[in-house]
Each structure stands twice: as structure tokens, then as C-alpha cells.
Amino acid sequence: MSAPTAQAVSQAIGLGKHVNGPAGGLTILAGLDLEIGAGEAVAILGASGSGKSTLLGLLAGLDDATAGEVWLCGQRIADLDEDGRAELRSGRVGFVFQNFQLLPTLTARENILLPLELTGTAGAVRRADEALERVGLTARAGHYPRQLSGGEQQRVAIARAYAPRPAVLFADEPTGNLDQVTGEHIIDLLLDLRRDAGAALVLVTHDLRLAERCDRRLAMENGRLK
Amino acid sequence: MTTQPWRITLRLLRQDWRSGELYLLSAALILTVASITAVGFFTDRVEATMDRQGSELIAADLAVESSSSLPDTFQAESDRMGLVSARTLEFRSVVVADRGPQLVQIKAVDPAYPLRGQLRLRDGFDSPDRTIAAGPPAGEVWVESRLLRLLDIGIGDPLGVGDTQLRIGAILSDEPAQGGGFFNLAPRVLMNRTDLEATQLIGPASRVTHRLLLAGDARTIADIKPWLTARLPPNASLVDAREARPEFAAAVDRAARFLRLATLVTLLVAGAAIALASHRLVERQTDAVAVMRCLGAPRHLLMRVFVLRLVLFGLIASLLGCLLGWLGQAGLVAALSGWFPSDLPSPSLAPILVGVATGMIALLGFAVPPLVQLAKVSPLRALRRDLGTPRTSAALTLAAAGLALSLLIFWQADNFALAWKLLAGVLGALVSLIGAVLLLVRLAGGLAGRSRGVWRLGLAALARRPSGAVLQIAGFGIGILALLLLAVVRVDLLRAWQDSLPVNAPNYFLINIQPHEVEPLRAFLRERDIDENELYPMIRGRLIRIAGREVKPTEYENPRAERLATREFNLSYGEKPQPDNRIVAGDWWPDAKAPPQFSVEQGIAETLGIKLGDELVFWVSGHEVSGPVTSLREVKWDSFNVNFFVSASPALLGNEPATFITSFHLSADRESVIPELTRRFPSVTPLDVDAILKQVRQVIDRGVLAVEYVFLFTLIAGLLVMYAGIQASLEDRRVEHGILRTLGAGRRALLSSLAVEFTAAGLLAGLLASVFAETTGWLLAEQLFELEFSFNPTLWLIGVFGSGLLIGLAGTLATYPLLIRPPLQTLRRAG
């Protein structure tokens, strides 16, 4: 097992995930090595069930690997408990989900404020408003998610992900629930913001056109990267 | 990491409220607190009112009673504390008119008498009653009408009282404090205390009952009690308004028990609603928590935020509940303004503290376990919805709810026996409810396999989510149970209570009936269609030894025991116990020939320390009679039937000289029978207890009304639980219906399957609730209220079918909006 690379924001070494179900054991990931450098945009492509989302969860420290190790922002995930991992993610890791995952009880601005308040960031409201402006939704600041279209919801989610200025952003099928035109806009926004913030982007998708706009493309098949 | 849990808490709380997520939980919590505080405020006032009515029976809030003159310091201290006082002296004497002398019971009173209640006077035999809250002026006496008849005199005539002549000013129809027992009452004469000296009737050795009557606010009365108790002379005792009449105390006690029970039932039902609402809240918050965990919120921060959020929410909801409770009791008091005296005492603020504490305990007990689980939500759920909601530990849920329930029940019940029974009942009911629901859900699953179409879909929906179905049906069951219990208590138990004092309860007692008058009197009553009760022999006797120990009044610390030990008992004998008596220990004698033995009323046995098997020795007619105690009886003092503390077998007292006593009901329009009776049987004394009877009936009626009102809260809690039950499965249903509709299921088919599912759940819940309601009703009637309970078949019909219909309809209507929404929208919302 090799030591992590100093410049990598996220690295997987010999990563494996095996689950036991009623129908017997199932290997989702096996012997996977991956390194994502600072500011790099990496697309992980693959068919449904190929293990893309599992890999994303492991890289972000949301799940435990059954083999190998994961490093995130210079920390070995296995060395940290649940709260330690949360603290590690706090302010350093952003997420964009396929289902947007905005808190339905909070307005657009309050959704963006949430991670800033969790990290106790000074000038949180100003930062949230800047993020809203950056995604072009200043006028929608007081709207609740249910009052926004799918594209608008995803823009709020992107603003929420970038507002704390993370080192790495994980995006799980960010255009999966959107039409083609809206999807294009979202991708533009994701990549522009990544460039501005200098953050790494790990993008899970099965959309080839979207993958082509990233620095590097990795294909997943049967739990392995090709 | 610097965190701002307060800020996040406040933001989330505000948003929770705006989004409506907390409505159900708030409603359940506010209702719990409102019911507790409304009952708290209301009972505070009702009990004070009832005490005041008790006060009317002794014409004061507190009385010091003594066989010798009372120390002046007593009056001085009561004056100092700001209490109102009046002195009375009561004694037997002979008054004289032209026709001759007559033994009477004289009470000499201060002008301030009565301090509580009013006197009812008449200015002639046929004049209407008028009320007055003052004693007779100097030089005047007010007398009972039978004295006028016995002496053949009228109003305005002089009456010789000792060495002086006093003018008869009015007929005394009713007096709040009739004093003494019901028996041996000669006609009553009320005179002014300042005239007493002129009569020269009272000497140092006279047998006089001196009373110092006191009235004032409850706190001062409570304050002076210990002061007086510490200084009471050996032959004096305190008479509390509540101890004034056992039959009155029994009615007040029952009312209090009903009210406490009503509060507890509301608490239990609302607790179920809180638990269900929390469960739903957790389901709806899971995604948000997963996202927050993803964004880096550590567990301890989330826990702090949740606890703060819960405590803040609990405090706000509890205070709102207190406000509602206050309005609730004020509304009731306003609605019943005609029933209560105008100066109903205001409640204390203690119920607010009790309400807030109850709200917090209920919230922590029922809502914390599911909410604690929220902190355990895996952040991975933000990526994978199939991970579901973390399961709440059943042990933790039960332990927390059990602890909160026990705490609240023991605290609120204020009665260990009641609390234990209720707690055991609730736990037993819960375990059997869950067991029965599981069994029935399995049965529904089996039926689903054999049915078709909408039936299959509906029944399978029940069986598919066993834990959800258990929760839902248990919720419905508790809701329906609350409604049925309401019916049982409202209709059956309260009616049984009212029936315990039937409309034709005896309102006249006849005493001093000589043995040779028994048969002619019976014939006299029969000729006038008066349905008399049995005539019972009555023998006076003083208790001198219990199990070989001398009965010394000074050895009893309990003032009641001391009083009982000093006075003569009215003993009776008979072959059978009185119909409303219940043997609670030992056995009644088999027949008239049984060896000498006693049966003692259990309350007095407890007070005097008499146990089964103890040898009692009474001093009767100049000699000792003795026998063992072979049974203890429970007596319904509020039945107004003739009853005795001590009864003996005929072999023991059958040969002693006795007078007889009976009681009967006489309607108001037939009161002319009484003068006729006194003329035919001059030595027989009729006693009119109508006024006391009316007061007790009033207490019962007011109590019933209060209980019904308090049960309104239970009713709302029951409906809330059912609503929570329907809401509990809404999230699952959203997805299910979206999919089914996408697959081509028509609205009508889905609606029918919903109707089948909810109706089946309603029928099951109704069946279980009916079983529990009847059992609870029976247990409560027999064990707690000592009332006759009869099983009610209509309750079963209404319980089962009404529940099926109600829940079928409500559930279908509540879920209907899911069906009219386009399937994609439904699926998207759930996705």
C-alpha cells in the first residue's frame, strides 16, 4: 500500500466494498486506486449499478470501506470517527445531489446559510447572498424549494456547495433530474464556480457530454476503474 | 469548529413552524397541557366551591367544638388573623307554652351566624320560604314548625325559655348547620346568644356543646388549623367543612376521582398522539439531517440543536397549553355561572407550573427517543434514499415512555392505588393491543391472498407494513378507546353515579318509633302509598372495650376516633345485612339463631383500630353486651338509607329495649302527611333531610358536568391520535400511489382499496378498543368508584362498526389528495 500523494485532495488506495445480503455476498468495489489533485475535475462514468455512487460516498467519508483506505484533505478517513469525519467535511467538502436535497423548510438563502452557520463562518449572510448572486437567484432568495423549478433548485444546491469555498466538491448525477438545456446550464455553472474557487470536482455521471468537459474521465465497470 | 447551535435552532424552529411540520406535535402537546391546567384551575375552584358547600353544612369553614367553654384566646387569634367568627351554644332544654312543656334542642347564636350558607324562614305555616344570613334578634326565637304543632302555638306567641319569655318570630325551615347526628333530635329552637343569661339555663355542669365558627380565605383557615390543634383542650375538637358529613364528603371525593381520571385518560391518549407525531416528524426530518451530516454537522452539534429545539418548542407549546387551559376553565365557569355562587374563588397559579412540567415530561418521554435517532442518520442517506430512517430502539422508546407515564400518572393521580391500577392497565393494554394487532394484521395478509381486486390491494396494504400497521391501528385503537371510554364513563359510569342517589332517595327519617308503634306505623304509611324502607331496631350503647383494651378517648390521636370513642353508638341488629351494604371481610351470620357477634363498618373499624375477630364490649341499658367481630362492611353513606356503624346478630341485641327507625321518600306535594303522622304518633320524630339531599345531588350533578367537560379534551386527543395514525403512513403511500397510478391503476380502484384498508384497520381498532373500553369501564366501576356496572352491547356495535366507518371515511378522505395529484408530481416529491 503506497503513501498518499501530498497534492491530492482525495485519494483511494486499494479500495474495496463488499456487502452481505440475503442472497449472499456482493462485491461492489474491488482493489480500486484513485487520486484527485487540487483543482482537478474528474468525471466517473459508468452504467447504473457499476458502483459510482458507492465510490463517491467512500471518497467523501460518508461510508466505510471493507478494504483499502481513503484519504481526504490529507486525513486518513479510517482514523476518524463519525464526528471527526463530519468535522473534516465541514467547510472543506461540498456536495451536489441528483435530487438537490434542499431542506424544504428553509428558503433558498437559508439553505445556503446552513453550511456556513454549521462552520460558524463570519459574514455568513453576505457570503450566502454573494453565492446566490453568482448563481443568478438573488430575486429568489426568500423562496422555498417547492416554489423553485428543478434547475433553480439545483442552482441553489450549487451555491450552497460553493459558499463555504470547499477544497473538493462531490457531485452525484447533478443533471440526472433535469432536461438537456437546463442540464447544460448547470454544468457551465459547476465548472465556472470550480474554476473560480480552485476546488477539485468529482463528478459521477453517465452523461458522456458532461464527462467530456472534465479534466479527466474514469469509467467504472464491475467495481473497477478503467 | 465554532458553532452556533442557538442560531441554527431558532432558524430551524421558525422554519419547522412555518412549514407546518410541528402542527400535529404542537396540537398534541398543547392539548395535554391544556387539559391538565384546565382541570387544575377548574378543580382548584370547584374544590374550593365544594369546600364552601361543605362549609354551608357546618355554617363555617372551620369549627372548634367543645363540651366546655372555649378559651378566649381562640377568638382573639382568629380576629388577629382576620377571620370572621361566631359563637354558638347548643343544648337540650324544655320550653314552656300554655299547653305545657316540650323538650327541644336550643341553639344560641351570635347575630353573625351562619358564617356560611343561609337560614330559611317562614312567616306562617303556608307562607313561602325566605332566606336570611343572620341569626334571630335579641328577644326573639325562630322555631321548627313541629314545635308549634306540638305546643299548639303560633308566630308572635311567647315561649318560655328558662327564666325568660321570648317571642316566636318565624318558623325555621332550614338551617345550614343542623348539628349533631340525624337522630334524637328534638324540635329545634334558635335564639340570640345575648338572651342566654336571662334564661339562666346554663350552669357550670350543664351539658352544652360550645362552638366557635370561623370563616375566611382558604389560606388563613389552613394557617390557623395547626395553631388551634396545638392548643385544643382535651374535650375539644376541630370540625373541618369536609368532614362535616360523610355522605357529602363521599360525593366530593368521587367527583375528584372522576376529574383526576379524566385528566389521566387525556394524558395517556395525548401521549400516544405525541409519540405518533414525533415518529412522523423524524421521518420527515431524516433527509434534512442526512444533508446536514454531509455538510459537516457533527452528531453532538445536531443533538444539541435537537434538544434545544425540543425544549424551546416544549416551553412555547406548554405555555400556549396553559393559556388554553385557563380559557377552558374560564369558559366553563362562565357557561355554568348559574350553577356556582357568583364569588367563585379564583384559582391559584400552581396549575401553570404543573402544566409546563407535565408538557416537558410528556415531550421528553414520548418524543426524545425517536428524535435522538435522528442524530444517528447516516450521511450516506443523502446519496442513497434506500437506506431509510434509522430504527428507534424499542427498548429505549418503551423505557422513556414508561418512565414519563409512570411519573405523570403517579404525580397526577395523587393516589397510589389508582396510579398502580392505571399503569398496570395501560401496560397490559399496550402489550395486548400490539399482540392483537400483529395477529390481526397477519390474518388480513392471509385474507388478502384469497381476495381479489381492491380487496386484495387494501388488505395487502395492511399486511405489507406490519410495523406501520401496528403503529397505525394502535393509534386508531387508542383514539377509538378514548371515544368509547368517554361513552362508558359519560353514559354508564356517570349515570351509575347519579343513580347511586336515586330520584326517590329517602328524604325523611322517622326516629324514636316505639316497638308497639311499628305495625300501626307500617299500616299508616302503606295506607298513604308511601313505600317505606325496612324498620330497623336502634339501641344506644357506648363502646367500652376492644379486644380486651379499654376504650379511652384520650388515647386516640385522630380527632374523629376520639369523638367516636366518647359518644354513644346507634347499634342495630338483624338477620340480614342492609341491601346496600357489602361485606368486605369475614362473613355475615347465617340466620337469626347465630351466636352473638358484630359486623362493623370498615371505615370506623379502621379509625378505632377494630380488626376481624376482636371482641367488642358495649355498655347497653346498664349492662355489658359482648361478641366477636365476624365481618366488616362497606356502607354507601351517600345512599341516604338508614345505616349503622355497628350491627349485631339478633341473639346479641334482640332482647334489649329498642326504638325503631326508618326512612322513606316523600314528594314535595305530599308533605302534609308529616303533621298527620306527628299527630297520630306523637313520640315519633320525623327528620327532613331534603336540604342535605339536595346539596349532595347538586354536588353530583355539578361533578358530572365538570367531568363531561374535562372529557372533551380526551375526545379531542382521541381525534388527534387518529389523525396522527392516518398521517403516519402518508409518506409511504405517496410513493406507492404514484407507482400504482403510473402502472395504470385507476383512481376509483385506488380509492376503493384505500377505503378497504382504512375500514379494515378501523374495524380491527374498534374491536380491540371495545374490549378494552368495556374491561376498563367494568374495572373502574367495580374497583375505583364502587358502582354497579352493566355490559353495554350497543357500545360494541358502535365501537366496531362506528370505528370502521369513521376511520374508513377519515382515512380515505385524508389520503384522497394524493390521488388527485398527477402521479409524476407525487413520485417526484417522494424521490
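Predicted model: local features only at pLDDT ≥ 70, side-chain atom pairs only at ≥ 80, totals over all residues.
Residues are numbered from 1 along each chain as its sequence is written, chains are lettered from A and ligands numbered from 1 in the order in which they are written, and side-chain values use heavy atoms, with hydrogens and water left out.

Helices (H or I, at least four residues) and strands (E, at least two) are DSSP runs numbered from the N terminus. Two strands are taken to pair if DSSP finds at least two bridges between them. In chain A, an open sheet of 6 strands has the order β6-β7-β8-β3-β9-β10, with mixed pairing. Strands β6 (93-96) and β10 (224-225) of chain A stand at the edges, each with a single partner strand, so one side of each lacks a neighbour in the sheet. Within the sheet, β3 (residues 41-46) of chain A runs parallel to β9 (residues 216-221) of chain A, and 5 bridges join them. A:I44 stands opposite A:L218 in β9(A). Helix α6 (residues 180-197) of chain A packs on the sheet and touches β3, β6, β7 (168-172) and β8 (200-205) of chain A; contact means heavy atoms within 4.5 Å. The direction of α6 makes about 160° with that of β8(A).

Helices α3 (residues 108-118) and α5 (residues 150-162) of chain A pack at an angle of about 25°, with their axes 8 Å apart. Axes are lines fitted to C-alpha atoms, for helices over the stretch in contact, and angles run from 0 to 180 degrees between N-to-C directions. The two helices are therefore roughly parallel to each other (angles under 35 degrees). The contact involves A:A108, A:N111, A:I112 and A:P115 of α3(A), and A:V156, A:A159 and A:R160 of α5(A). Elsewhere in chain A, the buried residues of helix α2 (residues 82-89) are A:D83, A:R85, A:A86, A:L88 and A:R89, where buried means under 20% relative accessible area (1.4 Å probe, protein chains only). After α2(A) comes A:G91, with a positive phi near 80°.

In chain B, strand β19 (residues 623-634) pairs with several strands. Strand β16 (residues 582-586) of chain B is antiparallel to β19(B) over 4 bridges, with B:S631 as the bridge partner of B:G586. Strand β17 (residues 598-601) of chain B runs parallel to β19(B), also through 4 bridges, and B:V600 stands opposite B:L632. Strand β18 (residues 615-620) of chain B is antiparallel to β19(B), with 6 bridges. The hairpin of β18(B) and β19(B) has 2 residues between the strands, and B:S621 takes a positive phi near 50°.

Strand β21 (residues 659-664) of chain B has 6 of its 6 residues buried, so it is largely enclosed by the rest of the structure. B:T659, B:I661 and B:S663 lie on one side, and B:F660, B:T662 and B:F664 on the other. Strand β12 (residues 508-513) of chain B pairs with β21(B) in the antiparallel sense over 4 bridges, B:I513 standing opposite B:F660. Strand β13 (residues 536-546) of chain B is likewise antiparallel to β21(B), through 3 bridges.

B:V189, in strand β9 (residues 188-192) of chain B, counts as buried at 2% relative accessibility. Its C-alpha atom is separated by 4.7 Å from that of B:I106, 83 residues apart along the chain.

Technical notes
Parallel < 35°, antiparallel > 145°, perpendicular 65-115°, else oblique. Buried < 20%, exposed > 50% of the residue type's maximum accessible area, 1.4 Å probe, protein only.
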